[in-house]
Amino acid sequence: MKTLAIAALISALSAGAALAAPAGGVHVTLSPRLQARAHDLGQRDLNQLQAELQRTVERQLARRPIGEGVRLDLVITDATPNRPTFQQMSNTPGLSYESFGLGGATIDGVITGADGATAPVHYRWYESDIRQTRFNGTWEDAERAFGFFADHLGRGEAVAAR
């Protein structure tokens, strides 16, 4: 049911959309749970993730607008790095950048149309194959999740399916 509601809202919003980006804008925040991990992951890294999600979504919506006056309020609920962050290596002597693991991100939020109609947004993607992460950078899988999310949004697909 949510899938149909999201698809209908995005379809209605995109009928006559001509803006490069939503007039309401894209606003990205960090969840309190993720923000609480700043002492471990590093505030600088979290700020960069926040900016990266915003840039990625804005870039996609510039190519495929979803409607005038649309506002996207997105929250990075969770993010896992592929490699230790600078802060993690500072906090844990002996931790190596050679360490690697599965990463990804979870995004939640709300799309608000110009008429005030809202629809929930939820997207989660984490790499499942360790063989794919050996040569990744610190946040590569989280950034990949942002790209997948933006692509689904730009195509008008319902990203609220859980």
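This is a predicted model: local features need pLDDT of at least 70, side-chain atom pairs count only at pLDDT 80 or more; totals for chains, interfaces and linings use all residues.
**Entry 1: salt bridges**

I started with E140. Its partner is R144, with the closest N and O atoms 3.4 Å apart. I checked the spacing: E140 and R144 are 4 residues apart in helix α6, so about one helical turn separates them.

R144 has another bridge, to D141. Here the closest N and O atoms are 3.1 Å apart. R144 and D141 both lie in helix α6, 3 residues apart, which I noted as about one turn of the helix. Is D141 buried or exposed? I read a relative accessible area of 0%, so D141 is buried.

I then moved along to D151. It forms a salt bridge with R155, and the closest N and O atoms are 2.9 Å apart. D151 is partly exposed, at 29% relative accessible area. R155 is partly exposed as well, at 41%.

**Entry 2: α4 against α6**

I turned to the helix packing. Two packed helices are described by the angle between their axes and the distance between the axes. I looked up both for helix α4 (residues 43-63) and helix α6 (residues 140-154). Their axes come within 9 Å and cross at roughly 30°. Angles under 35 degrees count as roughly parallel, so I logged α4 and α6 as roughly parallel to each other. The crossing of α4 past α6 is right-handed.

Which residues make the contact? On α4 I found L49, E52, L53, T56, V57, Q60 and L61. On α6 I found A142, E143, F146, G147, F149, A150, D151, L153 and G154. I sorted the contact by class: 9 residues are nonpolar, 4 polar and 3 charged. D151 turns up again here, as one of the α6 contact residues and as the salt-bridge partner of R155.

**Entry 3: T106**

Last, I looked at a strand residue. T106 lies in strand β3, residues 104-112. Its relative accessibility is 8%. Buried means under 20%, so T106 counts as buried. What does T106 touch, not counting residues up to four places away in sequence? I noted V75, I76, T77 and D78, along with H122, Y123, R124 and Y126.

How values were computed
Residues are numbered from 1 along each chain as its sequence is written. Side-chain values use heavy atoms; hydrogens and water are left out. Axes are lines fitted to C-alpha atoms, for helices over the stretch in contact, and angles run from 0 to 180 degrees between N-to-C directions. Helices (H or I, at least four residues) and strands (E, at least two) are DSSP runs, numbered from the N terminus. Angles under 35 degrees count as roughly parallel, over 145 as roughly antiparallel, 65 to 115 as roughly perpendicular and the rest as oblique. A crossing is left-handed if the near helix is turned anticlockwise from the far one by less than a right angle, and right-handed if clockwise. Contact means heavy atoms within 4.5 Å. Ala, Val, Leu, Ile, Met, Phe, Trp, Tyr, Cys and Pro count as nonpolar, Asp, Glu, Lys and Arg as charged, and the others, Gly among them, as polar. Buried means under 20% relative accessible area, exposed over 50%, partly exposed in between (1.4 Å probe, protein chains only). A salt bridge is a side-chain nitrogen of Lys or Arg within 4 Å of a carboxyl oxygen of Asp or Glu.
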